[in-house]
Amino acid sequence: HEVYGILAAYATTHGYQAVVDGTNRDDLVEPRPGRRAAKQLGIQAPLVEAGFDKQDIRAAAQRYDLPTWDKPAMACLASRIPYGTPITLQLLSQVERAEQVLYSLGLRQVRVRHHGEIARLEVDPEDFGAVLPMRDEIVTRLRALGYTYVALDLEGYRMGSLNEVLKVGHGHR
């Protein structure tokens, strides 16, 4: 709400007719508090209006030879922090740096879910075999970032895993 509010105010002050974001149809499947804020502030989602999902976007980007056409999905860093946990710049930075550790080790699709002193790593299950030999390095580097425990989620990477508590009624954002 804060970011969209600043953008909406800027647009109004500088005579822009609209603020748009990159939301697509796939983003509408899971609960997204940012979507509620976008609607409240009149932020437009032209990809949704055009009926595009992530696959459509990748196909169009590849057709136009954009170098990012196969870049892994990168949701907002706040999506790594559980419902009810205050989001701070320090937490976002810690998560970002932890994910950079995993990217620097050659992993492509990763999420570090922040659970206080626990970093829960989600990677593609096909990458489990690559992660385990790097276990000591990953633990050492993530502990240097402030995590006490480092856990590998055996379900692997999945979009919106922190929303699973909503499906079983354990929490609210």
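Q: How many nonpolar, polar and charged residues line the largest pocket, and what makes a residue belong to one class?
A: The lining has 23 nonpolar, 13 polar and 12 charged residues. Residue type decides the class: Ala, Val, Leu, Ile, Met, Phe, Trp, Tyr, Cys and Pro are nonpolar, Asp, Glu, Lys and Arg are charged, and the others, Gly among them, are polar. The structure is a predicted model, in which local features need pLDDT of at least 70 and side-chain atom pairs count only at pLDDT 80 or more, while totals for chains, interfaces and linings use all residues. Residues are numbered from 1 along each chain as its sequence is written, and side-chain values use heavy atoms, with hydrogens and water left out.

Q: What makes a set of points a pocket, and which residues lie nearest the centre of the largest one?
A: On a 1 Å grid over the protein atoms alone, a pocket is an open set of points with protein on both sides within 12 Å along at least five of seven lines, whereas in a cavity a 1.4 Å probe fits but cannot get out; a lining residue has an atom within 4 Å of a point. The largest pocket is lined by 48 residues, and R32, M74, A75, C76 and S79 lie nearest its centre. Two or more lining residues come from each of helix 1 (2-13), helix 2 (33-40), helix 4 (54-63) and strand 1 (110-115). Helix 2 gives the largest share, six residues. These elements are DSSP runs numbered from the N terminus, with helices being H or I of at least four residues and strands being E of at least two.

Q: How do you know which residues E99 is in contact with?
A: Contact means heavy atoms within 4.5 Å. Leaving aside neighbours within four places in sequence, E99 is in contact with M74, L77, R80, V110, R111 and V112.

Q: What makes the R120–E122 pair a polar contact?
A: A polar contact is a pair of N or O atoms within 3.5 Å; within protein, one must be able to donate a hydrogen and the other to accept it, and residues adjacent in sequence count only if both atoms are side-chain atoms. The side chains of R120 and E122 make such a contact at 2.7 Å. R120 lies in strand 2 (residues 118-123) and is buried because its relative accessible area is 15%.

Q: What is the pLDDT over residues 169-173, and how does the protein chain score on average?
A: pLDDT is the predictor's confidence in each residue, from 0 to 100. The chain has a mean of 90, and 94% of its residues reach 70 or more. Over residues 169-173 the pLDDT is below 50, and this stretch has 11 contacts in the model beyond near neighbours in sequence. Where pLDDT is low, the predicted coordinates should not be read in detail.

Note on methods:
Buried < 20%, exposed > 50% of the residue type's maximum accessible area, 1.4 Å probe, protein only.
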